[in-house]
Amino acid sequence: MSKTLDQKYWDTQYKTNCTGWDLGCISPPIKTIIDKLEDKNIAVLIPGCGNTYEAEYLLQQGFTNITVIDIAPTLVSMLQLKFANNDNITIVLGDFYSHQGQYDLILEQTFFCALAPHLRQHYVFIMHQLLIPNGTLSGLLFNKTFESGPPFGGNKKEYELLFKNAFNITSLEISCNSVLPRSESELAFTFVKDNTVTVKLYELENTTGTEEIKSIKENISQINTVLNVSISTNGTTILLVTEKEIPLLDLQFALPNHVKLKIATYEKCTLY
């Protein structure tokens, strides 16, 4: 990936109207998800919101507590004007990975696929942090690969391994009502936060290559209380799901002496 997917990149897409992902209306599968919601007062977050037809539809249906966030100032300025007189929506300009709050539902629509693949472990961690106990992450994921991105694709098995144990996978199936250009290429999903586990994100330093990273994953997986280990594509981040918190020193013992492990912080999470 040669693009730097930072604020300047995304802002330029809106300034130049290069928004090929924009359907011009709410995606039918997302509309289906919203139509099944009964409590209009739940706290809803839409990250990487874009033109946020989803939020517009939620407001039309009477929902009262919606937050949208995007990193592109040009877009956010437009949204602030569009929803200026509506107190039921909060519009945030910022990096999703620095966002804090507690939500009942997070709607996923073209945000996950816009992130560089090595940030997917960060994504799972932050989503788990932002949801209330038994909170829901729901929306669409691509069921295809792309030669370059964004968007960046994936498949059902990959997503199952990534979200395993941090979330209970209620559904993850081919969407039955995607728009025609995306037919058979979208997975509609609902993941429910597992409150009984500990989810931590760590930075991995001084690794020597693919084989060593593979060995590290195997060693950590053998620790009794570990439920899932996921390492980023660039080998610098570990997402760890455990039955209970494991002391950092115990984890370090599972690594070669020259490899260092430390807890990741929000400040170290960036969009590119």
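Colleague: How do the residues of the lining of the second largest pocket divide into nonpolar, polar and charged?

Modeller: Rolling a probe the size of a water molecule over the atoms shows where empty space is left. In this predicted model, the lining of the second largest pocket divides into 16 nonpolar, 6 polar and 3 charged residues. Ala, Val, Leu, Ile, Met, Phe, Trp, Tyr, Cys and Pro count as nonpolar, Asp, Glu, Lys and Arg as charged, and the others, Gly among them, as polar.

Colleague: Which residues are the closest to the centre of the second largest pocket?

Modeller: A pocket is an open set of points on a 1 Å grid over the protein atoms alone, where a 1.4 Å probe fits, with protein on both sides within 12 Å along at least five of seven lines; lining residues have an atom within 4 Å of a point. Here 25 residues line the second largest pocket, and Trp 10, Trp 21, Thr 110, Phe 111 and Ala 114 are the closest to its centre.

Colleague: Which element gives the most to this lining?

Modeller: Elements are DSSP runs numbered from the N terminus: helices (H or I, at least four residues) and strands (E, at least two). Helix 1 gives the most, with 4 residues.

Colleague: What volume has the largest pocket?

Modeller: A volume is the space filled by probe spheres set on the points, which are joined across faces, edges and corners. For the largest pocket this is about 510 Å³. Gln 121, Lys 217, Ser 230, Ile 231 and Ser 232 are the closest to its centre, and strand 9 gives the most to its lining, with 6 residues.

Note on methods
Residues numbered from 1 in each chain as written. Predicted model: local features only at pLDDT ≥ 70, side-chain atom pairs only at ≥ 80, totals over all residues. Heavy atoms only, no water.
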